[in-house]
Amino acid sequence: MGAGRSGKSTLAVALAQEGFGFLSDDRTFCSWKKDKLSAWGLATTLKLRSDAGKHFRELQAKQPKYLPNGERGFRLDVIVSLDGPPALHDQIRRVPHAFEQIKTGVAALRSFRPEIIVRARCTVQKANHGSLCEVVKSAKEIGLNSISFLAADLTSEAFNRPQGWAPERQDRVALNADEADALEAEVERLVIERRLDLKSGFVVESAGKLRRIVLHFHAHLGQAPHVAPSCNAPWVSSVIEASGEVRPCIFHPSFGNIHDQPLRQIVNSPKALSFRAALDVATNPVCRRCVCSLHIPRHEE
Ligand code: SF4
């Protein structure tokens, strides 16, 4: 508890980064459904003060913006997965009425905090490669603030796949040659038909980044080389998994676990330092197949 601007959100984010599982900066939301009580802590947009870069290195290169209350600061947003227009989203998630639940959830969040930013992320794969324009339309219809696209990861050991996917499993998600061509056409249609959404930032990726998604699938088919993205994720961020494992990014192996050592020690351990010293993103085979990179420019860039 604390007065406005006393640093509740800053403390909540810092503790979440240290691995605390349930936190709230202000209030806790509860619901009772099918004899089950659920509670959400950080369910709404967190606002951090304009000096948050002192505490969060990932914000140092960013400029604070004016918030609805007229103060300058940073907003941390809610992101939902959206796999397609309603019927396709439900089919891919294998959850009846899943799309409707997102719509209801967004409306519920907005009833608590009308200004909350809710963004969508769409993973492009076999089942939805021809529906990108439709998913943008659906995101608009339910009032989301933006949508971004990324290619499905087919080969890494991330996402709880210690041995990676077997080829048959990859084939259920990857595109064949005809589907890769169809995706190429769909991306070009998106670039033309949704040009105003690209221009406004509602579709987060540039045309070039959308075309990289097509390249990813062509490369998987051996029709083009794998090209690593521009990325400095291991130098500017860490991924903490629910188990406490700390990785330099989603795709490279863990350095340690926050249940055994403090985060600061893990990211500065000899193992972490030598990993970063040896990593050449442009040639590393994992990086060359990466679907979700991060690049935070340095001040002088
Ligand atoms: S390119 Fe991808 S795999 Fe390589 S360091 Fe960046 S996020 Fe990790």
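Predicted model: local features only at pLDDT ≥ 70, side-chain atom pairs only at ≥ 80, totals over all residues.
Put together, that gives an open sheet of three strands in the order E6-E7-E8, with parallel pairing. The edges are E6 (78–81) and E8 (146–151), each of which pairs on one side only. From one strand to the next, the twist averages 30°.

What holds neighbouring strands together in a sheet? Strands pair through backbone hydrogen bonds, and they can do this in a parallel or an antiparallel way.

## Two faces of E7

Back to E7 for a moment. Opposite its Ala120 you'll find Val80, while Ile79 stands opposite Arg119.

Which residues of E7 lie on the covered face, and which on the uncovered one? Val118, Ala120, Cys122 and Val124 make up the covered face. Arg119, Arg121 and Thr123 make up the uncovered face.

## How the helices meet each other

Helix H6 (residues 177–193) packs with helix H8 (residues 207–220) at an angle of about 175°, and their axes are 9 Å apart. An angle over 145° counts as roughly antiparallel, so that is how H6 and H8 are described. On the H6 side, the contact is made by Ala180, Leu183, Glu184, Val187, Leu190 and Val191. H8 brings Ala207, Leu210, Arg211, Ile213, Val214, Phe217 and His218. Sorted by class, this contact has ten nonpolar residues, one polar and two charged.

H6 meets H4 too: their axes come within 8 Å and cross at roughly 40°. From H4, the contact uses Leu132, Cys133 and Val136, and from H6 it uses Glu186, Val187, Arg189, Leu190 and Glu193. Here the count is five nonpolar, no polar and three charged residues. Notice that Val187 and Leu190 of H6 turn up in the contact with H8 and in the one with H4.

## Around the ligand

Which residues come closest to the ligand? They are Cys231, Cys249, Phe251, Cys287 and Cys290, out of 14 residues that surround the ligand. Two elements give two or more residues to this shell: helix H9 (233–236) and helix H12 (285–288). By class, the shell has twelve nonpolar residues, two polar ones and no charged ones.

## Zooming out

Finally, the whole chain. Its secondary structure comes to twelve helices and eleven strands. Of the 301 residues in the chain, 22% are buried. Among contacts between residues at least 6 apart in sequence, 62% join residues that are at least 24 apart.

Technical notes:
Residues numbered from 1 in each chain as written. Axes fitted to C-alpha atoms, helices over the stretch in contact; angles between N-to-C directions. Helix = DSSP H or I, 4+ residues; strand = E, 2+ residues; numbered from the N terminus. Parallel < 35°, antiparallel > 145°, perpendicular 65-115°, else oblique. Contact = placed C-beta atoms within 7 Å. Nonpolar A, V, L, I, M, F, W, Y, C, P; charged D, E, K, R; others polar. Pairing = 2+ DSSP bridges. Near = placed C-beta within 6 Å. Buried ≥ 20, exposed ≤ 12 C-beta atoms within 10 Å, placed from the backbone.
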